[in-house]
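These are my notebook entries on one protein chain. I looked up its contacts, its overall form, its surface and one residue.

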Amino acid sequence: MTIDDDGTRDGEAVSRFVERFAAQLTEAGMQRMAARVFACLLASDGGAMTSAELGAALRISPAAVSGAVAYLAQINMVSREREPGSRRDRYVLHNELWYQTFTRRDQALARFEQTLREGADNLGRDTPAGARVAETAAFFAFLEQEMHGVMDRWRAHRATLGLP
């Protein structure tokens, strides 16, 4: 993020970052408003904001915030926490967000692979459809196996970065 001479963040630069990253997430398949809320949370120092803070930062309605955080909670990218001594909820990014997200994807790959193997057997592996489904199952098996190594290497690499 861009820093002004007085040490504060440049609000316009932050906003441009949030919108640019949100657009990339949307292109990758995430719902547009959820992508904007996620990017805004990611850009916040605390990794947590109230509905009112998100609405003000993104210039969106409370209903838009509610729908976006419901989607993000459903896919386990944020959680809802109650502010101590308050009735207001805060929406919080999960720790090790990307690691957890890809770990869940790994579990989905295993389920896809199993279903595809069964599908290939049901279709007949010697048929064009069965062969295509079997190849897809093999691809997911390969991806799942590689993902374990990638995640192990990430953990080792992250330990060298001096991050909190």
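This is a predicted model: local features need pLDDT of at least 70, side-chain atom pairs count only at pLDDT 80 or more; totals for chains, interfaces and linings use all residues.

Entry 1, contacts. I looked at contacts (heavy atoms within 4.5 Å) in the protein chain between residues at least 6 apart in sequence, and 46% of them join residues at least 24 apart.

Residues are numbered from 1 along each chain as its sequence is written, and side-chain values use heavy atoms, with hydrogens and water left out.

Entry 3, fold. I found six helices and three strands in the protein chain, taken as DSSP runs numbered from the N terminus (helices H or I, at least four residues; strands E, at least two). Their order along the sequence is α-α-β-α-α-β-β-α-α. The chain is more spread out than a compact globule, because its radius of gyration is 20 Å, well over the 15 Å that the globule rule gives for 164 residues. That radius is taken over C-alpha atoms, and the rule is 2.2 Å times the number of residues to the power 0.38. The C-alpha trace spans about 70 × 40 × 35 Å along its principal axes.

I placed Ala63 in helix 4, residues 62-74. Ala63 is exposed, with a relative accessible area of 60%. From Ala63 to Ser51 I noted 12 residues in sequence and 9.4 Å in space, C-alpha to C-alpha.

Methods:
Buried means under 20% relative accessible area, exposed over 50%, partly exposed in between (1.4 Å probe, protein chains only).
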